[in-house]
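Me: I am new to this structure. Could you walk me through how to read it?

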Amino acid sequence: MKQILKSIFVVTHEHSETGPSLYNQQDPNPQEEVSLTLKHVADQFDDSADFVHKIYLHGRLHVMYFSHLVNEDRLERDLLPPILNSDNPLDLLTEQSQYELVTDSKTYVEGILSGMAAFYYEDQAFMIDVIFPTSRTVAESETESIIIGPHEAFTEQAYTNLSLIRKRVQSSHLKVIKLSVGEVTKSDIYVLYIQDIANERYVKEVIKRIEDIEIDAIHDTNMLIQCIDDNPYSIFAQFLTSERPDTIASKLVSGRTVGIMDGSPTAFSAPANFFEFFSSSDDYYQRWSIGTATLFLRFAALIITVTLTALYVSVTSFHYEMIPENLILTLTESRSKVPFPPIFEALLMETTIELLREAGARLPTKIGQTIGIVGGIVIGQAAVQAGLTSNILIISVASSAIASFVIPNYVMSASFRLFRFGLIVMAGLWGNLGLALGLAYMVIHLSGLTSVGSSYLSPIAPYEPYDWKDAFLRLPFSTLAKRPTQVKARNKVKLKMKR
């Protein structure tokens with residue numbers, strides 16, 4: 001064995017310098033079975049500057065790891081000294097349970113990549129968990145801010161996110177299944193569900209779809225759900241995503257299946273329905289009457305953001321008789337200097353608003369707020385004075401933009417903003433008929449969508465009047481004794497009042 005090691009390494013002292021690798025041969029064919037040898041492991045990390053390979057005990061002990069993934073202080077202070085000072089290091093490695101004996105080359109390499117320290121001593125390979133990755137602290141969500149309730153949000157570290165959920169769902173029935181996605185990135189996916197509540201059919205379907213993904217890299221949960229959608233060509237999201245642990249915990253308790261991805265601060269739940277995207281956590285932290293009023297406000301905002309600008313185009317292009325007499329003179333005077341037909345006028349201003357919105361999102365926070373407010377006022381006023389648009393259209397476009405921010409889910413809000421452009425075009429071509437056809441198409445499209453095989457428009461289709469208490473209203477908790485019908489939970493009762 002010593003002769004073989006000497007032919008591979010030039011070892012003249014006990015402690016060698018760290019480095020990427022000591023071998024320059026090409027990697028073996030990944031399709032072939034490769035035995036677990038020191039040479040093969042080192043070859044896998046050739047030309048990796050962040051790979052640490054240390055040699056001890058005159059070449060008999062090799063330690064390999066990535067310095068930025070492990071706790072080097074623990075490794076150097078607690079783990080290595082007992083081995084180096086032992087008369088029989090092999091006995092120490094085999095007797096202590098924290099060291100895992102590995103015989104498979106693939107497992108050994110994947111362990112190093114995941115942040116474990118690898119020991120190779122006299123033809124035997126061991127691994128120990130000293131993972132200590134860097135991650136940001138738990139902070140408040142910037143995209144799902146609320147007034148009342150907890151302000152914790154997920155981070156990019158999966159174990160941190162799991163702990164936030166475990167803290168809220170302290171039940172042994174909460175099960176976690178680990179999967180891997182990405183031929184190159186090998187991202188870890190954790191599927192969560194509560195046994196005896198969640199429907200096994202949905203759990204198995206989510207797991208199957210994730211396992212069937214064949215792709216080089218997935219970096220975020222929002223990429224993942226696009227790979228497992230029922231209808232990938234729809235502009236509407238079919239999985240609810242959230243950065244809030246309390247929201248995800250409530251989905252688990254309601255009987256849904258949840259997914260968390262390592263490296264992403266977002267979790268998804270399934271099956272989802274259209275009306276979930278208009279609900280917010282603080283609806284349940286406030287009095288039921290306030291929560292119900294807020295829900296009505298959001299559905300009103302949906303109607304405004306989708307139809308208001310298109311209705312302006314339709315009325316000013318084809319249906320002047322719909323305008324009140326007291327307003328028609330003002331509208332005629334406002335449009336008298338505009339050289340464009342209403343459809344181009346509306347598309348121009350809607351595009352300008354979207355440009356301002358995107359610029360405000362990409363710029364630093366303080367500058368972005370200034371661009372959004374000042375830019376909107378200046379451009380709007382200048383456009384009116386230049387005769388490029390009318391005052392009433394500015395009001396219509398601004399109202400639609402403000403209403404879109406009322407929708408709590410950013411993905412759903414963006415979907416309706418995109419759909420609004422299509423309605424404007426149809427209203428400009430065929431007036432109210434085009435507007436009606438566009439809305440009818442949206443309803444038909446939503447009716448045909450499914451989420452993990454479940455109806456997207458539940459509880460309207462199929463008709464489940466009991467679930468309306470939580471979809472369109474937020475009635476007192478005493479009236480919400482059953483879990484949603486959509487999830488087909490094994491245990492349907494979630495509340496038992498003793499008074």
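Me: Which residue in β7 stands opposite Leu174?

Reply: Leu174 faces Ile194 in β7. A word on the source: this is a predicted model, where local features need pLDDT of at least 70, side-chain atom pairs count only at pLDDT 80 or more, and totals for chains, interfaces and linings use all residues. Numbering runs from 1 along each chain as its sequence is written, and side-chain values use heavy atoms, with hydrogens and water left out.

Me: In which sense do β6 and β7 pair, and over how many bridges?

Reply: Two strands pair if DSSP finds at least two bridges between them. Here β6 (residues 174-181) and β7 (residues 187-194) are antiparallel, over 8 bridges. Their hairpin has 5 residues between the strands, and Gly182 has a positive phi near 105°.

Me: How many helices and strands does the chain have?

Reply: There are 18 helices and 12 strands.

Me: What share of the chain is buried?

Reply: Buried means under 20% relative accessible area; exposed is over 50%, and partly exposed lies in between (1.4 Å probe, protein chains only). Of the 499 residues in the chain, 45% are buried. Look at helix α9 (residues 245-253): 7 of its 9 residues are buried. Among them are Pro245, Asp246, Ile248 and Lys251. Just after α9 comes Gly255, with a positive phi of about 105°.

Me: Where do I look for the largest nonpolar core, and how many residues has it?

Reply: In soluble globular proteins, nonpolar side chains tend to be buried together. A nonpolar core is a set of buried Ala, Val, Leu, Ile, Met, Phe, Trp, Tyr and Cys residues joined through side-chain atoms within 4.5 Å. The largest one has 39 residues, and those with the most contacts inside it include Phe236, Met412 and Tyr456. Elements giving two or more residues to this core include α11 (288-318) and α16 (410-430). Its largest share, 8 residues, comes from α11.

Me: Which residues does Met412 touch?

Reply: Contact means heavy atoms within 4.5 Å. Setting aside residues up to four places away in sequence, Met412 touches Phe236, Phe274, Phe277, Phe278, Ile407 and Tyr456.

Me: Is Glu354 buried or exposed?

Reply: Glu354 counts as buried because its relative accessibility is 18%. Glu354 sits in helix α13. Beyond its neighbours within four places in sequence, Glu354 contacts Arg417, Arg420 and Phe421.

Methods
Helices (H or I, at least four residues) and strands (E, at least two) are DSSP runs, numbered from the N terminus.
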